[in-house]
Amino acid sequence: PCGKKEESYTIPNSVMNIGDYSFWECSNLKSIIIPSSVTSIGDYSFFTCSSLTSIAIPSSVTDIGRSVFANCTELKSIIIPDSVINIKSDVFSRCTSLTSITIPDSITSIEEKAFEGCYNLKNIKIPNSVTNIEESAFLGCDNLIIYGYKGSYAETYANEELIQFRDINNQTLNIENFKVNDDTSPQKVETTKTSNSNIT
């Protein structure tokens, strides 16, 4: 519906479902406003929207389809609302500029190739609610660190896939320890702060 040359588009608030392939290859689309009437975003709906830099998904959305944002090479950050329970296959694959993503406590599974080729995604916080991650979910994310809780499924997955894992609780404790006990090493404090502040 956007046409190939439009840079922005407002979805009418009468729309409940964004259908499959709706904005397929709208390569000039930079911004889009999704109203709170929308409950689902169909497969491939923003596929190869290569100028899209960010998108706000309202909490009314309960289903985000397969490959929705695949090849959105300028997409830098996204917040998944806590109304969504699954991150489906290829949904963010080859989003090469993606550096920040928020995964809510509602998410239970991350499907195959969900973040394939997102090589600028350096860290991701995976909540305890996640009990299944497909083997190829982070294929090609060579510098990724998974932040989670000790004993969680996220830790098990990271160990199995040889992905670096950091215990969120320990990271917080380390920052506090540096603050209290290591005042003579401000560089250590700053480095740890930076590491923790990047967690999204």
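Select Y147 and then R166 in β14: the two are bridge partners. This is a predicted model, in which local features need pLDDT of at least 70, side-chain atom pairs count only at pLDDT 80 or more, and totals for chains, interfaces and linings use all residues. Residues are numbered from 1 along each chain as its sequence is written, and side-chain values use heavy atoms, with hydrogens and water left out.

Next, select residues 145-148, which are strand β13; four bridges join β13 to β14, and the two run parallel. Strands here are DSSP runs of E, at least two residues long, numbered from the N terminus, and two strands pair if DSSP finds at least two bridges between them. Strands of a sheet pair through backbone hydrogen bonds, either parallel or antiparallel.

Now show the whole open sheet: three strands in the order β11-β13-β14, with parallel pairing. β11 (123-125) and β14 (164-167) are at the edges with a single partner strand each, so one side of each has no neighbour in the sheet. From one strand to the next, the twist averages 25 degrees (axes are lines fitted to C-alpha atoms, and angles run from 0 to 180 degrees between N-to-C directions).

Move on to the rings. Rings of Phe, Tyr and Trp (its six-membered ring) pair if their centres lie within 6.5 Å; planes under 30 degrees apart count as stacked, over 60 as edge-to-face and the rest as tilted. The count by this rule is 13 aromatic pairs. Select Y21 and W24: their ring centres are 5.2 Å apart and their planes are at 50 degrees, so this pair is tilted.

Finally, select Y9, F23, F46, F69, F92, F115, F138, Y153 and Y157, which form one aromatic cluster.
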